[in-house]
Amino acid sequence: MTEQERKANQDLHALDEAHRLGRITREDYRARRRRVLGALCDSNGVTARNAITPPPASARRQAADTTAPGEALNMLFPARSGQTRKYLIGLVVVAVVCALLLYGLLHGK
């Protein structure tokens with residue numbers, strides 16, 4: 001973290017505290033917050049919020065033109081991780097158990 005970012009974090013913390021304690025209005029808080037975050041912009045206009053932006057459409061088209069057809073499909077629909085797969089399986093199991101319990105409650109004796 002740079003010294004400029006550290007200073008901005010301190011300013012934002014103080015600003016948040018002032019707003020939380022009711023010393024400044026919401027509009028004043030937002031205007032000051034914008035000023036503090038605006039000061040973080042470098043000469044290219046890159047901030048922590050927009051540093052990781054998707055490439056422009058022209059770059060995506062150019063990348064799509066240079067990739068093989070199978071690779072383009074993988075780029076559009078990346079493979080799910082094992083963690084996501086386990087989550088989805090767990091979700092399905094829970095849904096089935098809930099359905100069985102509901103059926104048992106409604107049609108049970």
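Here is a short chat about a predicted model and the helices in it.

Visitor: What makes up the protein, in terms of helices and strands?
Guide: There are 5 helices and 0 strands, so from the N terminus the elements simply read α-α-α-α-α. Buried residues make up 7% of the 109 residues.

Visitor: How do you know what span is expected for α1?
Guide: Helix α1 covers residues 3–20, which is 18 residues. The expected span is 1.5 Å times one less than the number of residues. That gives 26 Å, and the distance from the first C-alpha to the last is 26 Å, close to what is expected. Just after α1, Gly22 takes a positive phi of about 80°.

Visitor: Which residues of α1 are buried, and what makes them line one face?
Guide: Ala8, Leu12, Leu15 and Ala18 are the buried ones. Looking down the axis of α1, they fall within an arc of 120°, so they line one face of the helix. An α-helix has 3.6 residues a turn, so residues three or four places apart point the same way. On the other side of α1 sit Glu3, His13 and Arg20, which are exposed.

Visitor: Why are α1 and α2 called roughly antiparallel?
Guide: They pack at an angle of about 175°, with their axes 10 Å apart. Angles over 145 degrees count as roughly antiparallel, and therefore α1 and α2 get that label. The contact involves, among others, Ala8, Leu12 and Leu15 of α1 and Tyr29, Val36 and Leu37 of α2.

Visitor: Why is Leu37 called partly exposed, rather than buried or exposed?
Guide: Leu37, found in helix α2, has a relative accessible area of 24%. Buried means under 20% and exposed means over 50%, with partly exposed in between, so at 24% Leu37 is partly exposed.

Visitor: What is the stretch at residues 87–106 called in UniProt, and what is its make-up in the model?
Guide: An unreviewed UniProt entry places the feature "transmembrane region" there. In the model, that span is 100% helix and 0% strand, and its end C-alpha atoms lie 28 Å apart. The name comes from the record, and such annotations may be inferred rather than shown by experiment.

Note on methods: Residues are numbered from 1 along each chain as its sequence is written. This is a predicted model: local features need pLDDT of at least 70, side-chain atom pairs count only at pLDDT 80 or more; totals for chains, interfaces and linings use all residues. Side-chain values use heavy atoms; hydrogens and water are left out. Helices (H or I, at least four residues) and strands (E, at least two) are DSSP runs, numbered from the N terminus. Buried means under 20% relative accessible area, exposed over 50%, partly exposed in between (1.4 Å probe, protein chains only). The arc is that of the directions from the helix axis to the C-beta atoms. Axes are lines fitted to C-alpha atoms, for helices over the stretch in contact, and angles run from 0 to 180 degrees between N-to-C directions. Angles under 35 degrees count as roughly parallel, over 145 as roughly antiparallel, 65 to 115 as roughly perpendicular and the rest as oblique. Contact means heavy atoms within 4.5 Å.
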